[in-house]
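Here's a quick briefing to read alongside the model. Have the sequence and the 3D view open as you go.

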Amino acid sequence: ECVKTIDAHENKVWGLHSDKKDDSVVTGSGDSCIIIWKDVTEMELAEEQAKQEEQILKRQELSNLLHEKKYLKALGLAISLDHPQTVLTVIKGKYNVFCFCLIDVNVLRKEIIGMINPQN
């Protein structure tokens with residue numbers, strides 16, 4: 001079963017050498033290039049797991065914000081998490097305290113931008 005195909009050579013590969021000590025592979029091709037490959041499977045899996053854990057933590061934070069009735073922060077977080085149903089629910093006022101007539105639009109805009117881009 002082919003898991004991944006990587007195109008780096010412009011011609012057929014004629015030589016291949018692997019080294020178990022450092023998980024590297026060297027390939028030589030008819031294009032006169034030698035490429036040293038390193039197995040990054042574990043690193044990619046760790047990065048993906050870290051992203052999934054971060055998403056879980058953010059979803060929990062969103063749930064906590066809604067429970068604590070911090071709707072403005074919840075709105076920004078729901079937007080950054082791309083949860084349109086939660087955004088719509090908060091805006092429609094299902095939680096009965098989110099009223100646009102009482103919120104300064106500039107404050108709302110800054111809060112949402114701050115949640116989406118925390119470094120700004």
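**The chain at a glance**

Buried residues account for 19% of the 120 residues in the protein chain. Keep in mind that this is a predicted model. The protein chain has 4 helices and 3 strands, and along the sequence they run β-β-β-α-α-α-α. Of the contacts in the protein chain with a separation of 6 or more, 29% are between residues 24 or more positions apart.

**Ser-24 in strand 2**

- Ser-24 sits in strand 2, which covers residues 24-29.
- Is Ser-24 buried or exposed? Ser-24 has a relative accessibility of 12%, and the cut-off for buried is under 20%, so Ser-24 counts as buried.
- The side chain of Ser-24 makes a polar contact of 2.7 Å with the side chain of Asp-22.
- Leaving out residues up to four places away in sequence, Ser-24 touches His-17, Ser-18, Asp-19, Trp-37 and Lys-38.

**Helix 1 against helix 2**

- Helix 1 (residues 41-67) and helix 2 have axes that come within 8 Å and cross at roughly 155°.
- Angles over 145 degrees count as roughly antiparallel, so that is how helix 1 and helix 2 lie to each other.
- The crossing of helix 1 past helix 2 is left-handed.
- On the helix 1 side, the contact uses Lys-58, Glu-61, Leu-62, Leu-65 and Leu-66; helix 2 brings in Tyr-71, Lys-73, Ala-74, Leu-77 and Ala-78.
- Sort the residues of this contact between helix 1 and helix 2 by type and you get 7 nonpolar, no polar and 3 charged.
- Which residues of helix 2 (residues 71-80) are buried? They are Tyr-71, Ala-74, Leu-75, Gly-76, Leu-77 and Ala-78.

- As background, most residues other than glycine have a negative phi.
- Lys-69 is not a glycine, yet has a positive phi of about 65°.
- You'll find Lys-69 in the loop between helix 1 and helix 2.
- Lys-69 has a relative accessible area of 54%, and exposed means over 50%, so Lys-69 is exposed.
- Asp-82, another residue other than glycine, has a positive phi near 60°.
- With a relative accessible area of 61%, Asp-82 is exposed.

Key. Residues are numbered from 1 along each chain as its sequence is written. This is a predicted model: local features need pLDDT of at least 70, side-chain atom pairs count only at pLDDT 80 or more; totals for chains, interfaces and linings use all residues. Side-chain values use heavy atoms; hydrogens and water are left out. Helices (H or I, at least four residues) and strands (E, at least two) are DSSP runs, numbered from the N terminus. Buried means under 20% relative accessible area, exposed over 50%, partly exposed in between (1.4 Å probe, protein chains only). A polar contact is a pair of N or O atoms within 3.5 Å; within protein, one must be able to donate a hydrogen and the other to accept it, and residues adjacent in sequence count only if both atoms are side-chain atoms. Contact means heavy atoms within 4.5 Å. Axes are lines fitted to C-alpha atoms, for helices over the stretch in contact, and angles run from 0 to 180 degrees between N-to-C directions. Angles under 35 degrees count as roughly parallel, over 145 as roughly antiparallel, 65 to 115 as roughly perpendicular and the rest as oblique. A crossing is left-handed if the near helix is turned anticlockwise from the far one by less than a right angle, and right-handed if clockwise. Ala, Val, Leu, Ile, Met, Phe, Trp, Tyr, Cys and Pro count as nonpolar, Asp, Glu, Lys and Arg as charged, and the others, Gly among them, as polar.
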